[in-house]
Amino acid sequence: MFADDLLLGMQAALPKAELRFDFLQGFGTDSAVITDLGNLSGVLFSPNDISFIRESGTWYCMLADLFLNRVFRVTFGNGISSPPTDVDTLLSAPAVSGPRGIKTVRDVHGNAYCAIANFNTNVVSVYAFGNSVLNTPVLTDTFTVAGASGLTDVDLIRDCDHWYALCSNNGCPLIQLVDLGVTLDTLTPSVTSFSIGSSFSLSTCIVNEGDMFYAFTSNCNGNVYLTRLGEHLSSPSFA
């Protein structure tokens, strides 16, 4: 992502640490500057995923801690290239159950939402922040991902007037594309699955480039799988 005129990546890592990758010359270079941010405020146990969002010039990230059963909000008050300035606990068990993947987005009205992939229950929980990520998140809805076995990640994207979730899981080679309906406040999930031919998926994301949607999925064997989803997610092609 671009932040403070730098190309940056952030890694949630074991044991109990966050790593920042600064691609000062762009992603096409052979090396990056790696900064160990350590255990943020000493609260981390098993950080698994992070999702960034910017508000009023300040960067925040939502961080999922798998075995601690917590979701944190991390504030980068002095810029994302500087150490975090604050860490707050937003959610804990039983609100989350093995939170392993997380994604934060805004809708067309500027309201912020956070989707959490719960590894233990195969349930995605969606929380609303309203007009600011500094508000207390409120659960809007949940859905069970049919066919999943150990959810590992979730991504959100909007196509035309519908929201879609892309979900990866540990126990089977299927990736789930979920039509959530027109709003993240009240979900009407409809699941379509496709296979990448390999189990133990770690993470997944969905991007739109030109007239085509693409899904990228990584797994434990070190591979990254590309799936072309077609021009519209309402009628995916899975090529």
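Colleague: Is Lys103 buried or exposed, or something in between?

Modeller: This is a predicted model, and in it Lys103 has a relative accessible area of 26%. Buried means under 20% and exposed over 50%, so Lys103 counts as partly exposed.

Colleague: Which residue forms a salt bridge with Lys103?

Modeller: The general idea is that side chains of opposite charge can pair when their charged atoms come close. Here the partner of Lys103 is Asp155, with the closest N and O atoms 3.6 Å apart. The pair links distant parts of the chain, as Lys103 is in strand E9 and Asp155 in strand E13, 52 residues apart. Asp155 counts as buried, at 6% relative accessibility.

Colleague: How many salt bridges does a search of the whole structure find?

Modeller: The search finds 3 salt bridges. One of them joins the side chains of Glu55 and Arg106, at 2.7 Å from N to O. Glu55 lies in strand E5 and Arg106 in strand E9, so this pair ties together parts that are 51 residues apart in sequence. Glu55 is buried, with a relative accessible area of 12%, whereas Arg106 is partly exposed at 28%.

Colleague: Where do Arg73 and Asp88 lie?

Modeller: Their side chains meet in a salt bridge of 3.3 Å, N to O. Arg73 belongs to strand E7 and Asp88 to strand E8, so parts 15 residues apart in sequence are tied together. Arg73 is buried, with a relative accessible area of 9%, while Asp88 counts as partly exposed at 25%.

Colleague: How do I read an aromatic pair?

Modeller: Look at the angle between the ring planes: under 30 degrees counts as stacked, over 60 as edge-to-face and the rest as tilted. The whole structure has 3 aromatic pairs. Phe52 and Trp59 are 6.3 Å apart, centre to centre, with 75° between the planes, and this pair is edge-to-face.

Colleague: Why is the pair of Phe52 and Phe76 tilted?

Modeller: Their planes stand at 40°, so the pair is tilted; the ring centres are 5.8 Å apart. Phe52 is in strand E5 and Phe76 in strand E7, so the pair ties together parts 24 residues apart in sequence. Phe52 counts as buried at 16% relative accessibility, and Phe76 at 2%. Together with Trp59, these residues form one aromatic cluster.

Colleague: What does the protein average in pLDDT?

Modeller: The average is 85, and 82% of the residues score at least 70. Over residues 1-14, pLDDT stays under 50.

How values were computed
Residues numbered from 1 in each chain as written. Predicted model: local features only at pLDDT ≥ 70, side-chain atom pairs only at ≥ 80, totals over all residues. Heavy atoms only, no water. Phe/Tyr/Trp six-rings, centres within 6.5 Å; stacked < 30°, edge-to-face > 60°. Helix = DSSP H or I, 4+ residues; strand = E, 2+ residues; numbered from the N terminus. Buried < 20%, exposed > 50% of the residue type's maximum accessible area, 1.4 Å probe, protein only. pLDDT = per-residue confidence, 0-100. Contact = heavy atoms within 4.5 Å. Salt bridge = Lys/Arg side-chain N within 4 Å of Asp/Glu carboxyl O.
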